[in-house]
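Please open the structure in your viewer and keep the sequence panel beside it. The stops below say what to select next and what is there.

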Amino acid sequence: KRGWIFWDKKITNANNTNTTFFKISFGSYGDSAYVIVTDDINKAYSFIYNNSDSTIDIKDLQSSSGVTVANGYGLPTIWLRDTSFTAESIGVINHEIFHLTYYIMHRVGIPLSDDTDEAYAYELDYISSQIYKHLIYDIK
């Protein structure tokens, strides 16, 4: 269990932290996923619960810098706590993008192997480009 940019939206929470969420496509593999960026754990949990039908525990978010939820119900969701573009935060972003890529490819019946690694790389590239465009141009 680890699932064209149509819209994005920024909201300011009561404690004045920004929350950004947007939807990305899987490209030629169909379907889409949400990405939510916030350091507000309660906001992230509520979004994941309401949009991904996840059984994730809020404690999982409290101890994480990012999570990918793809359980086959609702749309897969990536949550990122920090997008400050430090080496650590970029590593977390890439880590979560890999989880989403793995989910997408398994969903369409393409397991990771020596014969399919290039297809994984192209999908990871596609997903990364969409996410980083939003993170660089919409948040910074």
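Of the 140 residues of the protein, 44% count as buried, where buried means under 20% relative accessible area, exposed over 50% and partly exposed in between, with a 1.4 Å probe and protein chains only. This is a predicted model, in which local features need pLDDT of at least 70 and side-chain atom pairs count only at pLDDT 80 or more, while totals for chains, interfaces and linings use all residues. Residues are numbered from 1 along each chain as its sequence is written, and side-chain values use heavy atoms, with hydrogens and water left out.

Colour by secondary structure next: the protein has 4 helices and 5 strands, which follow the pattern β-β-β-α-α-β-β-α-α along the sequence. Helices (H or I, at least four residues) and strands (E, at least two) are DSSP runs, numbered from the N terminus.

Now select residues 87–107, which form helix α3 with its 21 residues. From its first C-alpha to its last, α3 reaches 30 Å, close to the 30 Å expected, a span defined as 1.5 Å times one less than the number of residues. Among the buried residues of α3 are V92, E96, H99 and Y103. An α-helix has 3.6 residues a turn, so residues three or four places apart point the same way. After α3 comes G109, whose phi is positive, near 85°.

Continue to D115, which sits in the loop between α3 and α4 (117–139) and counts as exposed at 75% relative accessibility.

Finally, select D39 in the loop between β3 (32–37) and α1 (41–52); D39 is partly exposed, at a relative accessible area of 43%.
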